[in-house]
Amino acid sequence: MRNAIVSLSLHVLALSFSVQGRPATFLQDFRITWSDYHIRQIDGGRAIQLVLDQSSGCGFASKNQYLFGRVSMKIKLIPGDSAGTVTAFYMNSDTDTIRDELDFEFLGNRTGQPYTVQTNIYAHGKGDREQRVNLWFDPAAEFHTYTILWNHRHVVFSVDDVPIRVYKNNEAKGIPYPKFQPMGVYSTLWEADDWATRGGLEKIDWSKAPFYAYYKDFDIEGCPRPGPETCASNPNNWWEGVAYQQLNPVEARRYRWVRMNHMIYDYCTDKSRYPVTPPECLAGI
């Protein structure tokens, strides 16, 4: 293993994990946070199914927290009419008002409309940094990979290795950056029809329930807490390497393509909320 890294993989062929060379099961290293009867192993344990119906949504979380690294999972979202639902994949420090958080939230849609992914970043308790992108494919037709890379230099949100958001470390300019608090990894499926689809105009059609989202190939590579104190500051961790300090030319081109063609909301340009452009918006990539 690289530099005392913990690496967990939910393999395609079995619901099994590898933690520093030892085999482990899902429930050994993850916990169901609510409605365990709405989380199912399917296809002989090759994947996980989350269920939302009128009685409840559901969620699960890592038992450990991590400080820096990369987290990814493959998700197949709710097909058809999913308006009012939210499927979330995020990291959270679980520290209330001073929390750090890195969010992917997939906002359901009416049939035939594009799926929207909302990202948000909380640093030292300050959030309200929403950006929304319409996905350029049908995320309910097959699995796609969603990744959060988090190092001392920046946070990068990616979809199938295409960067859709970059948040740089600009502490030198007085802009908060999440780097002191370890975060757990969470995923939830829940009802949010007061805001999720067209600002709450589109409500859940419960006649279409139950709603299903599917997960596999869950992977964490980072510094676990509790764990070696020197891990997070080790410059030899692969995610701190030169190749991960900024987007390469291909990644930068893809990033600009997404922003030009698929971004539908950016808090940075919302003058009704921010008459003065937030300073982090001027940092570029």
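In the predicted model, Tyr146 is in contact with residues from several parts of the sequence; with residues up to four places away set aside, its partners are Val71, Ser72, Met73, Ile75, Phe89, Phe104, Phe106, Leu135, Phe137, Pro139, Ser158 and Val159. Tyr146 also belongs to the largest nonpolar core, which comprises 58 residues. Within this core, Tyr146, Leu102, Phe104 and Trp150 are the residues that touch the most other members. In soluble globular proteins, nonpolar side chains tend to be buried together.

The protein chain as a whole contains 18 strands and two helices. Of its 285 residues, 55% count as buried. Among contacts with a sequence separation of 6 or more, 66% join residues 24 or more positions apart.

Three strands, β8 (65-76), β13 (144-150) and β14 (154-159), each contribute at least two residues to the lining of the largest pocket. Classified by side chain, this lining comprises eight nonpolar, seven polar and five charged residues.

The second largest pocket holds about 240 Å³ of space. It is lined by 14 residues, of which Gly108, Pro114, Thr116, Thr197 and Arg198 lie closest to its centre. The lining of the second largest pocket is made up of four nonpolar, six polar and four charged residues.

Two of the residues closest to the centre of the second largest pocket, Pro114 and Thr197, are also in contact with Asn109. Asn109 is listed by UniProt as a glycosylation site, in an unreviewed entry. In the model, Asn109 is located in the loop that connects β10 (101-107) and β11 (116-122). Is this residue, Asn109, buried or exposed? Asn109 has a relative accessible area of 7% and is therefore classed as buried, the limit for that class being under 20%. Beyond its neighbours within four places in sequence, Asn109 is in contact with Gly80, Asp81, Ser82 and Ala83, as well as with Pro114, Tyr115 and Thr197. The annotated position is accordingly a buried loop residue in this model.

Terms used. Residues are numbered from 1 along each chain as its sequence is written. This is a predicted model: local features need pLDDT of at least 70, side-chain atom pairs count only at pLDDT 80 or more; totals for chains, interfaces and linings use all residues. Side-chain values use heavy atoms; hydrogens and water are left out. A nonpolar core is a set of buried Ala, Val, Leu, Ile, Met, Phe, Trp, Tyr and Cys residues joined through side-chain atoms within 4.5 Å. Buried means under 20% relative accessible area, exposed over 50%, partly exposed in between (1.4 Å probe, protein chains only). Contact means heavy atoms within 4.5 Å. UniProt positions are given in the numbering used here, feature names are shortened, and annotations may be inferred rather than shown by experiment. Helices (H or I, at least four residues) and strands (E, at least two) are DSSP runs, numbered from the N terminus. Ala, Val, Leu, Ile, Met, Phe, Trp, Tyr, Cys and Pro count as nonpolar, Asp, Glu, Lys and Arg as charged, and the others, Gly among them, as polar. On a 1 Å grid over the protein atoms alone, a cavity is a set of points where a 1.4 Å probe fits but cannot get out, and a pocket is an open set with protein on both sides within 12 Å along at least five of seven lines; lining residues have an atom within 4 Å of a point. Grid points are joined across faces, edges and corners, and a volume is the space filled by probe spheres set on the points.
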